[in-house]
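Take a look at the model below. Then read on for a short tour of its parts.

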Amino acid sequence: MRLSQNVTKTIKTVPKEEQAINAQLLIRAGFVHKEMAGAYSYLPLGLAVIENIKSILREEMNGLGAAEVLMSSLQPAQVWKETGRWDDEVVDVWFKSMLKNGTQIGFGWTHEEPFMQLISRQVQSYRDLPVALYQFQTKFRNELRAKSGVMRGREFIMKDLYYFCRNQQELDAFYAQVQAAYLKIFERVGLGEFTYLTFASGGAFTQFSHEFQTVTKSGEDTIYLNRERRLAVNQEIYSDEVLAQLQLDKTALETVKAAEVGNIFNFGASKGEQMGVYFSDESGQRQPVYLSSYGIGVSRLMGVIAEHYHDDKGLVWPEAVAPALVYLLAIGSKKSVQAADELYNILTERGVAVIYDDRDVRPGEKFADADLMGIPWRVVVSGPKSDHETYEIKSRTDTTLNHLQRDNLVSQLTGIEKQ
RNA sequence: CGGGGAUUGGCGCAGUUGGCUAGCGCGCCGCGUUUGGGACGCGGAGGUCGGAGGUUCGAGUCCUCUAUCCCCGACCA
(Lines give C-alpha, C1' and ligand atoms only; values in the text may rest on other atoms or scores of the structure.)
Protein backbone atom coordinates (compact mmCIF):
# COMPACT_ATOMS: atom_id res chain seq x y z
CA MET A 1 0.00 0.00 0.00
CA ARG A 2 1.23 3.43 -0.90
CA LEU A 3 0.70 5.76 2.02
CA SER A 4 0.01 8.66 -0.31
CA GLN A 5 -3.16 6.83 -1.26
CA ASN A 6 -4.18 5.86 2.23
CA VAL A 7 -7.20 7.66 3.61
CA THR A 8 -6.18 7.40 7.22
CA LYS A 9 -3.86 9.79 8.91
CA THR A 10 -1.89 9.40 12.08
CA ILE A 11 -2.39 11.90 14.86
CA LYS A 12 -0.15 13.07 17.64
CA THR A 13 -2.81 13.71 20.21
CA VAL A 14 -5.31 11.21 21.50
CA PRO A 15 -8.99 11.99 21.89
CA LYS A 16 -9.23 12.67 25.58
CA GLU A 17 -12.20 10.37 25.94
CA GLU A 18 -10.06 7.35 25.18
CA GLN A 19 -8.29 6.02 28.24
CA ALA A 20 -7.55 2.50 27.11
CA ILE A 21 -4.10 2.13 25.62
CA ASN A 22 -5.33 -0.10 22.84
CA ALA A 23 -7.88 2.50 21.74
CA GLN A 24 -5.40 5.35 22.04
CA LEU A 25 -2.80 3.67 19.88
CA LEU A 26 -5.18 2.12 17.38
CA ILE A 27 -6.88 5.48 16.87
CA ARG A 28 -3.67 7.49 16.72
CA ALA A 29 -2.16 5.11 14.19
CA GLY A 30 -5.33 5.14 12.10
CA PHE A 31 -6.32 1.50 12.56
CA VAL A 32 -9.83 2.06 13.88
CA HIS A 33 -12.43 4.77 14.19
CA LYS A 34 -14.85 4.98 17.04
CA GLU A 35 -18.43 5.41 15.93
CA MET A 36 -19.93 5.43 19.41
CA ALA A 37 -19.25 3.90 22.77
CA GLY A 38 -18.55 0.24 22.15
CA ALA A 39 -18.65 0.37 18.35
CA TYR A 40 -15.52 0.72 16.25
CA SER A 41 -15.00 0.77 12.51
CA TYR A 42 -11.97 -0.96 11.09
CA LEU A 43 -9.89 1.10 8.69
CA PRO A 44 -7.47 -0.42 6.17
CA LEU A 45 -4.63 -1.09 8.61
CA GLY A 46 -6.90 -2.33 11.38
CA LEU A 47 -8.80 -4.53 8.99
CA ALA A 48 -5.50 -6.00 7.81
CA VAL A 49 -4.75 -7.02 11.39
CA ILE A 50 -8.23 -8.48 11.79
CA GLU A 51 -7.84 -10.44 8.55
CA ASN A 52 -4.45 -11.77 9.64
CA ILE A 53 -5.91 -12.99 12.90
CA LYS A 54 -8.78 -14.55 10.99
CA SER A 55 -6.38 -16.36 8.66
CA ILE A 56 -4.65 -17.97 11.60
CA LEU A 57 -7.97 -18.93 13.14
CA ARG A 58 -9.19 -20.30 9.83
CA GLU A 59 -6.15 -22.54 9.49
CA GLU A 60 -6.58 -23.92 12.96
CA MET A 61 -10.33 -24.38 12.62
CA ASN A 62 -9.92 -26.17 9.32
CA GLY A 63 -7.27 -28.27 11.01
CA LEU A 64 -9.93 -29.44 13.44
CA GLY A 65 -12.06 -30.52 10.52
CA ALA A 66 -14.52 -27.70 10.97
CA ALA A 67 -16.28 -26.05 8.03
CA GLU A 68 -16.81 -22.33 7.76
CA VAL A 69 -20.29 -20.90 7.47
CA LEU A 70 -21.84 -17.51 8.03
CA MET A 71 -25.06 -17.36 9.99
CA SER A 72 -27.41 -14.41 9.90
CA SER A 73 -27.16 -11.69 12.49
CA LEU A 74 -30.92 -11.28 12.58
CA GLN A 75 -32.38 -14.04 14.68
CA PRO A 76 -35.97 -15.14 15.14
CA ALA A 77 -37.23 -15.06 18.71
CA GLN A 78 -38.74 -18.53 18.44
CA VAL A 79 -35.55 -20.60 18.65
CA TRP A 80 -34.46 -18.70 21.72
CA LYS A 81 -37.80 -19.16 23.45
CA GLU A 82 -37.29 -22.91 23.22
CA THR A 83 -34.36 -22.71 25.60
CA GLY A 84 -35.57 -19.80 27.69
CA ARG A 85 -32.83 -17.49 26.54
CA TRP A 86 -35.10 -14.97 24.86
CA ASP A 87 -36.10 -13.63 28.27
CA ASP A 88 -34.35 -10.38 29.18
CA GLU A 89 -34.23 -11.60 32.76
CA VAL A 90 -32.11 -14.54 31.62
CA VAL A 91 -29.98 -12.79 29.00
CA ASP A 92 -29.55 -9.09 29.66
CA VAL A 93 -27.41 -8.22 26.65
CA TRP A 94 -30.02 -8.63 23.93
CA PHE A 95 -30.50 -6.04 21.25
CA LYS A 96 -34.03 -6.61 20.06
CA SER A 97 -36.18 -5.12 17.35
CA MET A 98 -39.20 -6.11 15.35
CA LEU A 99 -40.30 -6.53 11.81
CA LYS A 100 -42.87 -4.20 10.25
CA ASN A 101 -45.51 -6.81 10.98
CA GLY A 102 -44.62 -6.89 14.66
CA THR A 103 -42.58 -10.11 14.65
CA GLN A 104 -39.86 -9.93 17.27
CA ILE A 105 -36.28 -10.46 16.24
CA GLY A 106 -32.95 -10.30 18.01
CA PHE A 107 -29.46 -9.34 16.91
CA GLY A 108 -27.18 -12.28 17.47
CA TRP A 109 -25.07 -12.14 20.61
CA THR A 110 -24.14 -15.82 20.18
CA HIS A 111 -25.43 -18.58 17.91
CA GLU A 112 -25.97 -21.84 19.79
CA GLU A 113 -29.72 -21.91 19.25
CA PRO A 114 -29.73 -20.91 15.57
CA PHE A 115 -27.00 -23.47 14.91
CA MET A 116 -28.99 -26.19 16.66
CA GLN A 117 -31.99 -25.22 14.58
CA LEU A 118 -29.88 -25.47 11.44
CA ILE A 119 -28.46 -28.82 12.48
CA SER A 120 -31.83 -30.31 13.23
CA ARG A 121 -32.56 -30.29 9.50
CA GLN A 122 -29.20 -31.69 8.47
CA VAL A 123 -28.76 -34.39 11.06
CA GLN A 124 -31.05 -37.38 11.33
CA SER A 125 -28.75 -40.32 11.88
CA TYR A 126 -25.71 -41.14 13.95
CA ARG A 127 -23.98 -41.35 10.56
CA ASP A 128 -24.46 -37.58 10.18
CA LEU A 129 -22.45 -36.84 13.31
CA PRO A 130 -20.15 -35.45 14.48
CA VAL A 131 -20.13 -32.09 12.73
CA ALA A 132 -18.10 -28.98 13.42
CA LEU A 133 -19.05 -25.57 12.04
CA TYR A 134 -17.52 -22.20 12.63
CA GLN A 135 -17.95 -18.64 11.52
CA PHE A 136 -16.62 -15.13 11.84
CA GLN A 137 -19.50 -13.02 12.92
CA THR A 138 -20.29 -9.60 14.20
CA LYS A 139 -21.89 -10.08 17.58
CA PHE A 140 -24.13 -7.57 19.27
CA ARG A 141 -24.30 -7.30 23.01
CA ASN A 142 -26.09 -4.51 24.77
CA GLU A 143 -23.56 -4.09 27.54
CA LEU A 144 -24.47 -1.72 30.32
CA ARG A 145 -21.07 -0.22 30.02
CA ALA A 146 -18.75 -0.43 27.06
CA LYS A 147 -15.16 0.06 28.03
CA SER A 148 -11.52 -0.65 27.41
CA GLY A 149 -11.49 0.39 23.77
CA VAL A 150 -11.97 -2.49 21.37
CA MET A 151 -11.71 -4.96 24.23
CA ARG A 152 -15.31 -4.66 25.28
CA GLY A 153 -17.65 -3.44 22.62
CA ARG A 154 -21.35 -3.64 22.02
CA GLU A 155 -20.53 -4.80 18.53
CA PHE A 156 -17.50 -6.98 17.96
CA ILE A 157 -16.06 -9.64 15.73
CA MET A 158 -16.04 -13.17 17.05
CA LYS A 159 -14.93 -16.52 15.79
CA ASP A 160 -17.38 -19.07 17.09
CA LEU A 161 -17.12 -22.80 16.60
CA TYR A 162 -19.89 -25.28 17.33
CA TYR A 163 -19.46 -29.01 17.63
CA PHE A 164 -22.41 -31.36 17.34
CA CYS A 165 -21.89 -34.94 18.35
CA ARG A 166 -23.44 -38.14 19.69
CA ASN A 167 -22.31 -38.40 23.26
CA GLN A 168 -20.22 -36.99 26.03
CA GLN A 169 -17.10 -38.99 25.15
CA GLU A 170 -17.09 -37.61 21.65
CA LEU A 171 -17.61 -34.15 23.04
CA ASP A 172 -14.81 -34.49 25.55
CA ALA A 173 -12.37 -35.66 22.92
CA PHE A 174 -13.09 -32.73 20.66
CA TYR A 175 -13.06 -30.37 23.60
CA ALA A 176 -9.49 -31.43 24.31
CA GLN A 177 -8.51 -30.97 20.68
CA VAL A 178 -9.90 -27.45 20.65
CA GLN A 179 -8.07 -26.61 23.85
CA ALA A 180 -4.84 -27.57 22.17
CA ALA A 181 -5.71 -25.67 19.01
CA TYR A 182 -6.56 -22.60 21.03
CA LEU A 183 -3.24 -22.64 22.82
CA LYS A 184 -1.58 -22.89 19.43
CA ILE A 185 -3.59 -19.94 18.14
CA PHE A 186 -2.59 -17.72 21.03
CA GLU A 187 0.98 -18.83 20.51
CA ARG A 188 0.81 -17.88 16.85
CA VAL A 189 -0.58 -14.40 17.46
CA GLY A 190 2.15 -13.74 19.98
CA LEU A 191 0.22 -14.13 23.22
CA GLY A 192 1.10 -17.73 24.01
CA GLU A 193 3.46 -16.92 26.81
CA PHE A 194 0.90 -14.78 28.61
CA THR A 195 -2.23 -16.80 28.02
CA TYR A 196 -3.50 -19.39 30.46
CA LEU A 197 -6.18 -21.99 30.49
CA THR A 198 -8.55 -20.84 33.20
CA PHE A 199 -11.34 -22.55 35.06
CA ALA A 200 -14.50 -20.47 35.21
CA SER A 201 -18.13 -20.95 36.06
CA GLY A 202 -19.79 -23.56 33.97
CA GLY A 203 -23.30 -22.22 33.86
CA ALA A 204 -26.24 -24.54 34.20
CA PHE A 205 -24.77 -27.56 32.51
CA THR A 206 -21.34 -28.33 33.85
CA GLN A 207 -19.39 -27.42 36.90
CA PHE A 208 -16.64 -25.61 35.05
CA SER A 209 -16.15 -23.95 31.74
CA HIS A 210 -12.77 -23.12 30.37
CA GLU A 211 -11.55 -19.71 29.47
CA PHE A 212 -8.32 -18.55 27.94
CA GLN A 213 -7.08 -15.56 29.85
CA THR A 214 -4.27 -13.30 28.73
CA VAL A 215 -2.50 -11.58 31.56
CA THR A 216 -2.67 -7.83 31.03
CA LYS A 217 -3.03 -4.83 33.30
CA SER A 218 -6.05 -3.69 31.37
CA GLY A 219 -7.86 -6.98 31.83
CA GLU A 220 -11.32 -7.02 33.32
CA ASP A 221 -11.07 -10.33 35.07
CA THR A 222 -9.13 -11.30 38.13
CA ILE A 223 -7.59 -14.74 37.99
CA TYR A 224 -5.53 -16.82 40.38
CA LEU A 225 -2.63 -18.12 38.43
CA ASN A 226 -0.31 -21.06 38.83
CA ARG A 227 2.43 -20.21 36.36
CA GLU A 228 4.22 -23.52 36.54
CA ARG A 229 1.18 -25.58 35.74
CA ARG A 230 -0.02 -22.92 33.33
CA LEU A 231 -3.45 -23.03 34.93
CA ALA A 232 -5.62 -20.39 36.47
CA VAL A 233 -8.87 -20.08 38.35
CA ASN A 234 -11.24 -17.25 37.68
CA GLN A 235 -12.18 -15.21 40.73
CA GLU A 236 -15.83 -15.98 40.04
CA ILE A 237 -15.38 -19.58 41.17
CA TYR A 238 -12.45 -19.16 43.51
CA SER A 239 -12.96 -21.07 46.75
CA ASP A 240 -11.13 -23.55 48.91
CA GLU A 241 -13.34 -26.33 47.63
CA VAL A 242 -12.59 -25.56 44.01
CA LEU A 243 -8.88 -25.34 44.70
CA ALA A 244 -8.97 -28.71 46.40
CA GLN A 245 -10.86 -30.19 43.51
CA LEU A 246 -8.35 -28.86 40.99
CA GLN A 247 -5.47 -29.80 43.26
CA LEU A 248 -4.13 -26.29 43.28
CA ASP A 249 -2.09 -25.05 46.18
CA LYS A 250 -3.33 -21.71 47.40
CA THR A 251 0.15 -20.51 48.28
CA ALA A 252 1.41 -21.13 44.75
CA LEU A 253 -1.21 -18.86 43.21
CA GLU A 254 -0.63 -15.37 41.95
CA THR A 255 -3.44 -12.84 41.66
CA VAL A 256 -3.40 -11.06 38.30
CA LYS A 257 -5.62 -9.09 35.96
CA ALA A 258 -6.40 -10.81 32.71
CA ALA A 259 -8.48 -10.44 29.57
CA GLU A 260 -10.65 -13.30 28.41
CA VAL A 261 -9.59 -13.99 24.84
CA GLY A 262 -11.32 -17.30 24.38
CA ASN A 263 -13.84 -19.56 26.03
CA ILE A 264 -15.30 -22.98 25.74
CA PHE A 265 -18.78 -24.11 26.73
CA ASN A 266 -19.93 -27.63 27.21
CA PHE A 267 -23.70 -27.81 26.81
CA GLY A 268 -23.88 -31.58 26.86
CA ALA A 269 -27.27 -32.86 25.74
CA SER A 270 -29.16 -29.92 27.22
CA LYS A 271 -29.75 -27.90 24.06
CA GLY A 272 -30.68 -30.96 22.07
CA GLU A 273 -33.23 -31.89 24.69
CA GLN A 274 -34.62 -28.40 25.09
CA MET A 275 -34.91 -27.81 21.36
CA GLY A 276 -35.89 -31.31 20.37
CA VAL A 277 -32.86 -31.95 18.21
CA TYR A 278 -32.40 -35.70 18.07
CA PHE A 279 -30.74 -38.32 15.94
CA SER A 280 -31.20 -42.06 15.60
CA ASP A 281 -28.40 -44.11 17.05
CA GLU A 282 -27.09 -47.49 15.81
CA SER A 283 -29.98 -49.30 17.44
CA GLY A 284 -32.57 -46.89 16.09
CA GLN A 285 -33.08 -45.14 19.42
CA ARG A 286 -33.72 -41.41 19.52
CA GLN A 287 -30.84 -39.55 21.16
CA PRO A 288 -30.27 -35.86 21.80
CA VAL A 289 -27.50 -34.10 19.89
CA TYR A 290 -24.66 -32.99 22.13
CA LEU A 291 -23.36 -29.47 21.79
CA SER A 292 -20.24 -27.59 22.72
CA SER A 293 -19.23 -24.11 21.61
CA TYR A 294 -15.90 -22.38 21.39
CA GLY A 295 -15.39 -18.65 21.03
CA ILE A 296 -12.51 -16.33 20.36
CA GLY A 297 -13.02 -12.59 20.26
CA VAL A 298 -11.17 -11.52 17.13
CA SER A 299 -11.43 -7.78 17.65
CA ARG A 300 -10.72 -8.15 21.35
CA LEU A 301 -7.64 -10.16 20.44
CA MET A 302 -6.41 -7.23 18.38
CA GLY A 303 -6.91 -5.00 21.39
CA VAL A 304 -5.13 -7.35 23.75
CA ILE A 305 -2.20 -7.67 21.37
CA ALA A 306 -2.01 -3.86 21.19
CA GLU A 307 -2.11 -3.70 24.98
CA HIS A 308 0.74 -6.13 25.17
CA TYR A 309 2.91 -5.05 22.28
CA HIS A 310 3.64 -1.37 22.35
CA ASP A 311 6.26 1.05 23.59
CA ASP A 312 6.51 4.79 24.03
CA LYS A 313 6.69 5.25 20.26
CA GLY A 314 3.62 3.24 19.39
CA LEU A 315 2.45 -0.21 18.45
CA VAL A 316 4.80 -3.15 17.96
CA TRP A 317 2.95 -5.85 16.05
CA PRO A 318 4.14 -9.44 16.03
CA GLU A 319 4.90 -10.39 12.43
CA ALA A 320 2.04 -12.87 12.23
CA VAL A 321 -0.62 -10.22 12.67
CA ALA A 322 1.10 -7.01 11.53
CA PRO A 323 -0.84 -5.10 8.87
CA ALA A 324 2.32 -5.18 6.76
CA LEU A 325 5.72 -6.77 7.16
CA VAL A 326 7.70 -3.84 5.81
CA TYR A 327 7.58 -0.09 6.08
CA LEU A 328 9.49 1.26 3.12
CA LEU A 329 10.67 4.81 2.64
CA ALA A 330 13.10 6.74 0.50
CA ILE A 331 15.19 9.68 1.57
CA GLY A 332 16.88 12.23 -0.59
CA SER A 333 17.48 12.03 -4.28
CA LYS A 334 15.19 11.00 -7.09
CA LYS A 335 17.46 8.02 -7.53
CA SER A 336 16.54 6.66 -4.15
CA VAL A 337 12.87 7.22 -4.86
CA GLN A 338 13.31 5.23 -8.06
CA ALA A 339 15.13 2.49 -6.21
CA ALA A 340 12.38 2.43 -3.57
CA ASP A 341 9.73 2.23 -6.28
CA GLU A 342 11.51 -0.75 -7.74
CA LEU A 343 11.91 -2.44 -4.40
CA TYR A 344 8.25 -1.86 -3.65
CA ASN A 345 7.26 -3.52 -6.90
CA ILE A 346 9.56 -6.47 -6.34
CA LEU A 347 8.38 -7.10 -2.79
CA THR A 348 4.73 -6.67 -3.71
CA GLU A 349 5.08 -9.11 -6.59
CA ARG A 350 6.55 -11.66 -4.21
CA GLY A 351 3.64 -11.35 -1.86
CA VAL A 352 5.34 -9.32 0.85
CA ALA A 353 2.93 -6.84 2.43
CA VAL A 354 4.58 -3.44 2.23
CA ILE A 355 3.55 -0.03 3.41
CA TYR A 356 5.40 2.32 1.10
CA ASP A 357 5.63 5.78 2.58
CA ASP A 358 5.78 7.76 -0.64
CA ARG A 359 4.38 10.90 0.92
CA ASP A 360 6.10 14.20 0.38
CA VAL A 361 7.00 14.72 4.01
CA ARG A 362 10.20 14.89 5.94
CA PRO A 363 11.98 11.72 7.01
CA GLY A 364 11.35 12.27 10.71
CA GLU A 365 7.64 12.10 10.17
CA LYS A 366 7.99 8.85 8.27
CA PHE A 367 10.12 7.29 10.98
CA ALA A 368 7.62 8.37 13.60
CA ASP A 369 4.73 6.86 11.67
CA ALA A 370 6.61 3.65 10.99
CA ASP A 371 7.08 3.30 14.73
CA LEU A 372 3.54 4.36 15.62
CA MET A 373 2.01 1.86 13.21
CA GLY A 374 4.30 -0.79 14.61
CA ILE A 375 5.40 -2.37 11.33
CA PRO A 376 7.97 -5.10 12.09
CA TRP A 377 10.63 -4.11 9.54
CA ARG A 378 11.65 -0.70 8.29
CA VAL A 379 13.56 -0.41 5.06
CA VAL A 380 15.20 2.89 4.15
CA VAL A 381 16.57 3.73 0.74
CA SER A 382 18.85 6.73 0.83
CA GLY A 383 21.39 8.28 -1.46
CA PRO A 384 21.91 7.14 -5.03
CA LYS A 385 21.32 3.41 -5.24
CA SER A 386 21.80 0.67 -7.75
CA ASP A 387 21.50 -3.08 -7.47
CA HIS A 388 24.91 -3.72 -6.00
CA GLU A 389 24.60 -1.23 -3.20
CA THR A 390 22.94 -1.82 0.10
CA TYR A 391 19.62 -1.04 1.70
CA GLU A 392 19.11 -0.25 5.34
CA ILE A 393 16.83 -2.53 7.32
CA LYS A 394 15.82 -2.18 10.94
CA SER A 395 13.56 -4.18 13.18
CA ARG A 396 10.85 -2.37 15.11
CA THR A 397 12.08 -4.06 18.26
CA ASP A 398 15.71 -3.18 17.82
CA THR A 399 17.80 -0.08 17.18
CA THR A 400 20.41 -1.84 15.07
CA LEU A 401 20.65 -0.76 11.46
CA ASN A 402 21.67 -3.50 9.05
CA HIS A 403 22.64 -3.04 5.45
CA LEU A 404 21.84 -5.65 2.87
CA GLN A 405 22.14 -6.00 -0.85
CA ARG A 406 18.81 -5.95 -2.57
CA ASP A 407 18.66 -9.64 -3.41
CA ASN A 408 19.48 -10.59 0.15
CA LEU A 409 16.97 -8.13 1.49
CA VAL A 410 14.24 -9.43 -0.76
CA SER A 411 14.93 -13.06 0.02
CA GLN A 412 15.08 -12.41 3.74
CA LEU A 413 11.74 -10.60 3.74
CA THR A 414 10.17 -13.14 1.43
CA GLY A 415 11.32 -15.84 3.81
CA ILE A 416 9.69 -14.18 6.80
CA GLU A 417 6.46 -13.63 4.92
CA LYS A 418 6.21 -17.31 4.08
CA GLN A 419 6.55 -18.46 7.67
C1' C B 1 -27.92 0.74 36.88
C1' G B 2 -25.35 3.89 41.29
C1' G B 3 -21.24 7.46 41.96
C1' G B 4 -17.61 10.94 39.81
C1' G B 5 -15.76 13.85 35.67
C1' A B 6 -16.46 15.96 30.91
C1' U B 7 -18.71 18.28 26.11
C1' U B 8 -15.77 25.23 22.95
C1' G B 9 -13.05 24.54 14.50
C1' G B 10 -10.70 17.77 12.28
C1' C B 11 -7.65 16.72 17.29
C1' G B 12 -5.76 18.61 22.12
C1' C B 13 -6.94 22.75 25.18
C1' A B 14 -7.73 28.18 27.40
C1' G B 15 -11.70 31.41 28.15
C1' U B 16 -11.56 35.26 35.54
C1' U B 17 -16.88 37.87 39.59
C1' G B 18 -21.76 37.25 32.81
C1' G B 19 -19.36 42.47 28.95
C1' C B 20 -16.99 44.41 23.18
C1' U B 21 -14.92 41.18 16.50
C1' A B 22 -14.50 33.43 21.21
C1' G B 23 -8.31 32.59 21.72
C1' C B 24 -3.85 29.07 21.57
C1' G B 25 -1.15 24.58 19.89
C1' C B 26 -1.44 20.54 16.35
C1' G B 27 -3.56 19.56 11.73
C1' C B 28 -5.35 21.84 6.90
C1' C B 29 -4.61 25.46 2.28
C1' G B 30 -0.93 28.90 -0.49
C1' C B 31 4.19 30.75 -1.27
C1' G B 32 9.29 30.29 -0.02
C1' U B 33 13.45 28.11 2.52
C1' U B 34 14.26 23.07 4.15
C1' U B 35 14.92 17.29 4.01
C1' G B 36 18.11 10.72 8.59
C1' G B 37 13.64 11.30 14.01
C1' G B 38 7.02 14.47 13.74
C1' A B 39 11.31 21.63 10.26
C1' C B 40 10.94 27.12 9.79
C1' G B 41 9.07 31.95 7.93
C1' C B 42 5.11 34.72 5.80
C1' G B 43 0.00 34.67 4.32
C1' G B 44 -4.88 32.13 4.72
C1' A B 45 -9.40 29.00 5.62
C1' G B 46 -12.16 26.92 9.46
C1' G B 47 -15.95 27.25 15.46
C1' U B 48 -21.79 30.32 17.54
C1' C B 49 -19.44 27.18 22.36
C1' G B 50 -23.47 19.14 22.53
C1' G B 51 -29.09 20.22 22.14
C1' A B 52 -33.71 22.66 23.95
C1' G B 53 -35.82 26.14 27.08
C1' G B 54 -35.16 30.14 30.62
C1' U B 55 -32.92 34.54 33.50
C1' U B 56 -30.58 39.22 31.73
C1' C B 57 -29.63 45.37 28.48
C1' G B 58 -26.07 41.42 27.40
C1' A B 59 -24.85 34.16 28.24
C1' G B 60 -19.30 29.90 26.23
C1' U B 61 -19.91 31.78 31.42
C1' C B 62 -26.03 31.67 35.59
C1' C B 63 -30.73 28.25 36.05
C1' U B 64 -33.84 23.92 34.28
C1' C B 65 -34.34 19.84 31.22
C1' U B 66 -31.95 16.66 27.83
C1' A B 67 -28.21 13.98 24.76
C1' U B 68 -23.47 11.98 24.46
C1' C B 69 -18.56 10.46 26.14
C1' C B 70 -14.88 8.80 29.88
C1' C B 71 -13.61 6.72 34.70
C1' C B 72 -14.91 3.76 39.35
C1' G B 73 -18.40 0.22 40.95
C1' A B 74 -22.31 -3.31 39.95
C1' C B 75 -23.29 -6.63 35.77
C1' C B 76 -20.95 -10.04 32.11
C1' A B 77 -25.83 -16.69 31.31
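**Ground rules**

This is a predicted model: local features need pLDDT of at least 70, side-chain atom pairs count only at pLDDT 80 or more, and totals for chains, interfaces and linings use all residues. Residues are numbered from 1 along each chain as its sequence is written, while chains are lettered from A and ligands numbered from 1 in the order in which they are written.

**The whole chain**

Chain A has 11 helices and 23 strands. Helices (H or I, at least four residues) and strands (E, at least two) are DSSP runs, numbered from the N terminus. The radius of gyration of chain A is 24 Å, close to the 22 Å of the globule rule for 419 residues, so chain A is as compact as a globular protein of that length. That radius is taken over C-alpha atoms, and the rule is 2.2 Å times the number of residues to the power 0.38. The C-alpha trace spans about 80 × 55 × 45 Å along its principal axes.

Of the 419 residues in chain A, 42% are buried. A residue is buried if 20 or more other C-beta atoms lie within 10 Å of its own, exposed if 12 or fewer, and partly exposed in between, with C-beta atoms placed from the backbone.

**The surface near the RNA**

How many residues surround RNA strand B? There are 39, and the closest are K16, E17, A37, G364 and S382. A residue is near the strand if its C-beta atom, placed from the backbone, lies within 6 Å of it. Two elements give two or more residues to this surface: α10 (363-373) and β21 (377-382). Helix α10 gives the most, with eight residues.

**An open sheet**

Five strands form an open sheet in the order β20-β19-β21-β22-β23, with mixed pairing. Two strands pair if DSSP finds at least two bridges between them. Strands β20 (354-357) and β23 stand at the edges with a single partner strand each, so one side of each has no neighbour in the sheet. Neighbouring strands here are turned by 25° against each other on average, direction ignored.

Two helices meet this sheet. Helix α10 lies across β19 (326-331), β20 and β21, and runs at about 175° to β19. Helix α11 (residues 406-418) touches β19, β21, β22 and β23, and its direction makes about 110° with that of β23. Axes are lines fitted to C-alpha atoms, for helices over the stretch in contact, and angles run from 0 to 180 degrees between N-to-C directions. Residues are in contact if their C-beta atoms, placed from the backbone, lie within 7 Å.

**Antiparallel pairs**

| Strands | Bridges | Facing residues |
|---|---|---|
| β22 and β23 | five bridges | Y391 and L404 |
| β1 and β2 | four bridges | M36 and A39 |
| β9 and β10 | seven bridges | S201 and F208 |
| β10 and β13 | six bridges | T214 and A259 |

Strands β22 and β23 form a hairpin with five residues between them. The hairpin of β1 and β2 has two residues between the strands, and G38 takes a positive phi near 85° there.

Strand β10 (residues 208-215) pairs with β9 (residues 195-201) and with β13 (residues 254-268). Seven of the eight residues of β10 are buried, so this strand is largely enclosed by the rest of the structure.
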